[in-house]
Amino acid sequence: MAPTVLHLRSETKPLEHRSALTPTTTAKLIKAGYVINVERSPERIFDDAEFEAAGATLVPEHSWVDAPKEHIIVGLKELEEEDFPLKHLHVQFAHCYKQQAGWDTVLARFPRGGGTLLDLEFLVDERGRRVAAFGFHAGFAGAALALEVWAWQLSHSEPFPGVESYPNEDALISNVKKVLGEGAKKAGRQPRVIVIGALGRCGSGAVEALRKAGLPEENILKWDMAETAKGGPFKEITDSDIFVNCIYLTSKIPNFVSLDSLQTPDRKLSVVCDVSADTTSPFTPVPIYTVATTFDKPTVPVDGLQSGPPLSVISIDHLPSLLPRESSEAFSHDLLPSLLTLNDWQNSAVWARADKLFKEKVATLPPSALKN
């Protein structure tokens, strides 16, 4: 029986340096009998040579389109907006199952070409928990960025400048420590930070970043479901300098903070990092902004405040890309047990659940979307 071939495609989303496979997981897959083809990539945080040293075969960028039908195409973010039908089995985040804008065009490409989508966002175990997610590093990067913005505000009136991915965590933390030290010296104190959702993956990442940056434990307010059960808005948020929201909601609860609650005259809050980035969701507990931010423009101001310091919101939906090496390693490590069953994916419970969901979503497509 021929070995299963996994084809790692080059990412095409701007500023995306992460990877679903790493040299580490590639070596383990090859040891298990898989053949791994890796597209050359100038953007990926891992050098092509690292994959080659792990035993992979380097192939040209975008060559997945012409790969044999039986090859499994592995990626991270969504494909470029094209119209040609897709014939392969694709493992990736596609962002088309929640009826996002253009979802039907994206999803229909798979059944039109006889292909299949196994969406990483909905890859879950028997308890319904995701088998791999980027939450920890989203929280880590978001909290680190929030500290930088707080320090920046103390010496600048103009918006916080654009940011780029860091080569590794040490470089990020080194920079945050430096600017935090300068900010604390100017303010005469360290900032007070409240993290809501502190017990989850995302929240634990945020708390870890604050600790590594040198923030005293007493300056980190760690809240979760028990503390928010009474219902907001919460004065503890406006009494803090920084609020890091790590809660992802699928139903409405009382807001953690609102435009009205921000009008308190003794407000200290000057930075909000909404790691969940539910910018326009009706369920957001942070309805104080409507603009998603980017690495080029990391913050958006909250307008209409009558008193207190200016307030900036960070709402970047791919925060883990700030630490592409570490976040890729963690994600790919967690995904590896499932990747190792791709040679018999139809009989693997995790992939079978993803396939069932794919077929259910395809069944909701309008007939017009399925026409070639």
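I started with Phe-134, which is buried in this predicted model; its relative accessible area comes to 11%.

Next I looked at the partner ring. Phe-331 is also buried, with a relative accessible area of 1%.

Then I checked how the two rings meet. The centres of Phe-134 and Phe-331 lie 4.2 Å apart and the planes make an angle of 5°, so I noted the pair as stacked.

Where do Phe-134 and Phe-331 lie? I found Phe-134 in the loop between strand E6 (116-119) and helix H4 (135-153), and Phe-331 in helix H9 (residues 324-339). The pair therefore ties together parts that are 197 residues apart in sequence.

I wondered which residues form one aromatic cluster with these two rings.

Now the wider search. How many aromatic pairs does the whole structure hold? I got 10. Among them is Phe-110 with Phe-358, an edge-to-face pair at 6.2 Å centre to centre and 80° between the planes. This pair links distant parts of the chain, as I found Phe-110 in helix H3 (residues 103-113) and Phe-358 in helix H10 (residues 349-362), 248 residues apart.

Last entry, on burial: I have both Phe-110 and Phe-358 down as buried.

Notes:
Residues are numbered from 1 along each chain as its sequence is written. This is a predicted model: local features need pLDDT of at least 70, side-chain atom pairs count only at pLDDT 80 or more; totals for chains, interfaces and linings use all residues. Side-chain values use heavy atoms; hydrogens and water are left out. Rings of Phe, Tyr and Trp (its six-membered ring) pair if their centres lie within 6.5 Å; planes under 30 degrees apart count as stacked, over 60 as edge-to-face and the rest as tilted. Helices (H or I, at least four residues) and strands (E, at least two) are DSSP runs, numbered from the N terminus. Buried means under 20% relative accessible area, exposed over 50%, partly exposed in between (1.4 Å probe, protein chains only).
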